[in-house]
Amino acid sequence: MYSKKLARLAFGVLAESTFKCPLTRSVSSRVNAARSLCSWTLCLHHRQKNQLSEGFSRRLTRLNVRTVSQTTVDPAEVRKFQAMASKWWDLQGDFAALHSMNDLRVPFIRDNLLNMHGIQQLGKPLAGLRILDVGCGGGVLSEPLGRLGTDVLGIDPVEDSVRTAELHSSYDPDLRERVRYQACTLEELAEEEAEGFHAVVASEVVEHLADLDAFASCCQQVLKPGGSLFITTINKTNLSYVFGIVAAEQLLRIVPSGTHDWEKFISPEDLERLLESFGFYVEAIRGMMYNPLTGAWSWQQNTAINYALHAIKCKEEPQPGQVWAESENLDKPGRATNYS
Amino acid sequence: MFTFAKARLAVLGTGRRCVALRAFSGALRGVASSESNEESSTSENQLFDVIISGGGMVGTAMACSLGLDPNLAGKKILLLEAGHKKEMDRVPETYSTRVSSISPGSATLLSGLGAWDHIANMRCKPYNKMQVWDACSDALITFDKENLQDEMAYIVENDVIVAALTKQLQTLSDHVKVQYRTKVVKYTWPRPYHVSESIPWVQVTLANGKTLHTKLLIGADGPNSMVRREAGIPTVKWNYDQSAVVAVLHLSELSDTESSLVWSTSHQHAEELLQLDEESFVDAINSAFWSNENHSELVETAGSLFRTALSVLMPDSGSARQLPPSVAGIGPKSRVMFPLGMGHATEYIRHRVAIIGDAAHRVHPLAGQGANLGFGDVAYLTKVLSQAAFNGKDLGKSMQHLLEFETERQRHNLPMMAAVDLMKRLYSTNAAPVVLLRTFGLQATNALPPLKEQIMAYASK
């Protein structure tokens with residue numbers, strides 16, 4: 001295991017030049033599990049405790065399994081979802097848990113956007129807002145958002161999924177006007193639609209991506225200043241291995257076997273650090289839990305397995321010097337909003 | 001003016017036969033009939049978010065309630081009614097015979113809809129006290145609030161309620177449409193799962209040949225509901241061997257005092273009553289109120305002994321007995337009769353369908369609860385649909401919120417219906433043991449104010 005880490009260390013050093021700002025990641029899993037909300041200043045303290053940092057320069061390398069490529073799309077993942085493309089709307093099928101997750105993620109997105117923009121219109125509370133649904137799949141999340149009045153653009157690299165989504169929404173005239181789909185990748189879109197969206201939603205997507213930095217960079221490009229980024233994904237802990245992989249895939253078959261790769265999971269602290277380096281301010285992180293008996297999701301304090309994250313694109317481009325100053329202000333204890 | 005409602009529990013008629021019919025259609029949830037020759041894109045004018053079938057009290061209240069909900073603003077709602085529009089500029093001089101007892105809970109709903117003001121301006125009568133007595137003994141029970149100041153409930157003519165709700169609906173005409181004199185001939189159900197080339201909505205075919213589509217169909221079409229029948233929802237129902245004769249009475253205590261009568265009796269006797277001329281009918285009513293012919297020695301003695309015992313134990317119990325009034329005459333042309341039965345749909349929902357009001361549950365009028373159960377359905381279903389719309393859900397598809405409606409309402413309705421049915425059976429006989437049982441029961445309940453308060457609270461919801 002350690003030889004793997006050293007190899008990635010070496011590889012990572014070479015790749016450092018692709019990063020905008022220095023990125024550090026705590027290597028020890030014990031520190032990971034500490035789950036304290038890290039800002040730059042806190043991380044400095046942690047790094048001093050870290051064994052590997054002794055004697056090294058400030059630039060530590062990233063530990064990740066993703067090949068550092070310029071594209072977010074992982075061909076293996078595309079193949080996996082291609083095979084399941086027709087099953088998106090079978091409410092009792094493979095994607096049942098995603099459908100019931102709407103009970104959490106739609107109110108999460110809706111309420112955070114309402115906080116920022118206020119109710120636009122009775123009956124269509126989010127009218128006039130543009131949302132990008134990255135990795136929309138069959139449109140499971142795009143449709144409810146469309147019904148709330150937003151203009152949704154759903155993108156997915158798997159063409160069959162996009163076609164399923166288009167067919168499903170074609171019957172409803174309300175949705176036909178407001179929800180559009182496109183089979184493309186985020187990078188392709190980022191070139192065309194700079195600063196075009198009020199919000200970007202990437203739900204259950206980052207654990208399937210090839211390159212998170214490219215993803216964060218593209219999100220930053222397509223969002224308007226002050227725009228929101230919503231991510232739901234799975235934490236990288238022992239608990240998430242037991243429940244998210246072993247129990248969910250192999251024992252209870254909540255998701256098809258092989259859907260998730262534990263190595264690609266990311267902890268909220270790492271994700272937060274990543275996003276902050278790209279000019280986001282993480283406003284809330286909340287834990288989610290799935291009850292296999294009832295098939296329902298619920299919020300919880302503990303982010304050990306699933307969690308949802310809301311980040312806001314900072315209004316100004318952060319300068320390297322300014323990053324430190326801003327993070328001083330952000331370093332408030334107990335920052336995650338307490339949702340009930 | 002002092003009118004109070006009477007629930008006539010002693011039935012002059014014997015023999016009851018209950019016929020339990022279990023209608024199992026054998027259909028799976030969601031009978032499909034895909035029309036492959038239909039265009040795949042329905043014209044947008046004809047696709048509604050909600051269609052309510054049946055414009056009675058409950059159906060019209062549902063339309064108003066959905067129309068006024070802020071989260072459902074912008075949804076297209078349609079109410080289909082086979083009869084003509086009921087408008088009432090002025091209240092007619094004569095009282096109509098069909099009335100309902102409106103509980104405080106229902107009155108709250110109606111005032112939230114803005115219809116209660118219209119009702120109060122037209123005609124309604126609050127009552128503070130209810131007295132129920134047994135024909136076979138001297139037992140009686142009275143329900144009243146502590147100080148006789150608060151109203152227990154209201155008696156309102158059904159026509160007045162519908163007219164008030166119709167008036168409110170007119171203010172919502174931009175997104176709630178109503179079609180009167182419209183009869184539905186066929187319902188076509190969608191498949192619960194997504195199949196390409198088939199329309200995922202409920203299709204409603206009208207008598208005039210037009211076809212409408214909707215995302216959610218609400219059936220409020222009465223006890224013989226076509227929606228329920230076509231959806232194949234199994235119903236537990238039986239006919240009571242009784243009909244109700246309704247009339248408007250002129251009481252002789254004060255002049256100009258009118259009262260409403262609902263007389264549940266056997267079919268044969270009901271027909272006889274309708275045939276009688278006015279005078280004989282009035283005599284029949286008076287003798288029913290005052291006669292002692294069904295009292296037996298045994299029951300009288302036992303009853304008075306029990307009453308003495310109770311008054312020793314609880315000296316303050318029971319308020320003064322009000323003597324039944326004498327009837328002087330009846331309103332012109334006002335006698336009608338209708339058959340009574342009990343019915344309960346085992347499911348209130350299907351994929352893209354919900355049933356409310358008498359279509360879902362039908363009760364004996366003895367407790368005055370039928371309309372109130374229907375209004376309770378309206379309030380809860382509106383709440384559930386409002387929440388679903390705020391969460392961006394498809395109103396008819398997600399069974400989760402419809403199931404919540406069904407569970408909650410069945411939990412409330414079933415105990416009420418069971419109690420009413422039990423009461424009806426208990427009071428349908430002259431057999432001495434049963435009479436004794438109910439005499440003691442009535443007197444004991446009358447002596448326990450906390451129990452009476454519980455009963456009133458449950459019925460007021």
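Reader: Let's start with Arg352(B): is it buried or exposed?
Author: Buried. This is a predicted model, and in it Arg352(B) has a relative accessible area of 3%. The cut-off for buried is under 20%, so Arg352(B) qualifies.

Reader: Where does Arg352(B) sit in the chain B fold?
Author: Arg352(B) is in a loop of chain B, the one between β17 (349-350) and β18 (353-355).

Reader: And what's the phi of Arg352(B)?
Author: About 65°, which is positive even though Arg352(B) is not a glycine.

Reader: Which chain A residue other than glycine has a positive phi?
Author: Glu204(A) is one, with phi near 55°. Glu204(A) lies in the loop that runs between β4 (197-203) and α10 (212-222) of chain A.

Reader: Is Glu204(A) buried or exposed?
Author: Buried, because its relative accessibility is 12%.

Reader: OK, switching to annotations. What does UniProt list under "binding site"?
Author: The UniProt entry, which is unreviewed, gives Arg105(A), Gly135(A), Asp156(A) and Ser203(A).

Reader: Take Arg105(A). Which helix is it in?
Author: Arg105(A) belongs to helix α5 (residues 96-117) of chain A.

Reader: Buried or exposed, that Arg105(A)?
Author: Buried: Arg105(A) comes out at 4% relative accessibility.

Reader: What does Arg105(A) touch, leaving out residues up to four places away in sequence?
Author: Arg105(A) touches Leu98(A), Val140(A), Leu141(A) and Ser203(A). Ser203(A) is also on the UniProt "binding site" list.

Reader: How accessible is Gly137(A)?
Author: Its relative accessibility is 0%, so Gly137(A) counts as buried.

Reader: How far is Gly137(A) from Pro292(A)?
Author: Their C-alpha atoms are 22 Å apart, and along the sequence Gly137(A) and Pro292(A) are separated by 155 residues.

Reader: Zooming out now. How many helices and strands in chain A?
Author: Chain A has 13 helices and 8 strands. Of its 340 residues, 56% count as buried.

Reader: And what about chain B?
Author: Chain B has 12 helices and 19 strands. There, buried residues account for 52% of the 461 residues.

Reader: Which residues of α9(B) and α10(B) meet?
Author: From α9(B), they include Leu373(B), Tyr380(B), Leu381(B) and Val384(B), and from α10(B), Phe405(B), Glu408(B), Arg409(B) and Met416(B) are among them. By class, the contact of α9(B) with α10(B) has 10 nonpolar, 4 polar and 4 charged residues.

Reader: What about α1(B) and α4(B), how do they pack?
Author: Helix α1 (residues 57-68) and helix α4 (residues 158-170) of chain B pack at about 20°, and their axes are 9 Å apart. That angle makes α1(B) roughly parallel to α4(B). The crossing of α1(B) past α4(B) is left-handed.

Reader: Who makes the contact there?
Author: On the α1(B) side, Met57(B), Thr60(B), Ala61(B), Ala63(B) and Cys64(B). On the α4(B) side, the residues include Ile161(B), Val162(B), Leu165(B) and Leu169(B). By class, the contact of α1(B) with α4(B) has 8 nonpolar, 4 polar and no charged residues.

Reader: Last one: where is Ala367(B)?
Author: Ala367(B) is in the loop between β19 (361-362) and α9 of chain B. With 32% relative accessibility, Ala367(B) counts as partly exposed. Its C-alpha is 9.0 Å from that of Met423(B), a residue 56 positions away along the chain.

Notes. Residues are numbered from 1 along each chain as its sequence is written. Chains are lettered from A and ligands numbered from 1 in the order in which they are written. This is a predicted model: local features need pLDDT of at least 70, side-chain atom pairs count only at pLDDT 80 or more; totals for chains, interfaces and linings use all residues. Side-chain values use heavy atoms; hydrogens and water are left out. Contact means heavy atoms within 4.5 Å. Helices (H or I, at least four residues) and strands (E, at least two) are DSSP runs, numbered from the N terminus. Ala, Val, Leu, Ile, Met, Phe, Trp, Tyr, Cys and Pro count as nonpolar, Asp, Glu, Lys and Arg as charged, and the others, Gly among them, as polar. UniProt positions are given in the numbering used here, feature names are shortened, and annotations may be inferred rather than shown by experiment. Buried means under 20% relative accessible area, exposed over 50%, partly exposed in between (1.4 Å probe, protein chains only). Axes are lines fitted to C-alpha atoms, for helices over the stretch in contact, and angles run from 0 to 180 degrees between N-to-C directions. Angles under 35 degrees count as roughly parallel, over 145 as roughly antiparallel, 65 to 115 as roughly perpendicular and the rest as oblique. A crossing is left-handed if the near helix is turned anticlockwise from the far one by less than a right angle, and right-handed if clockwise.
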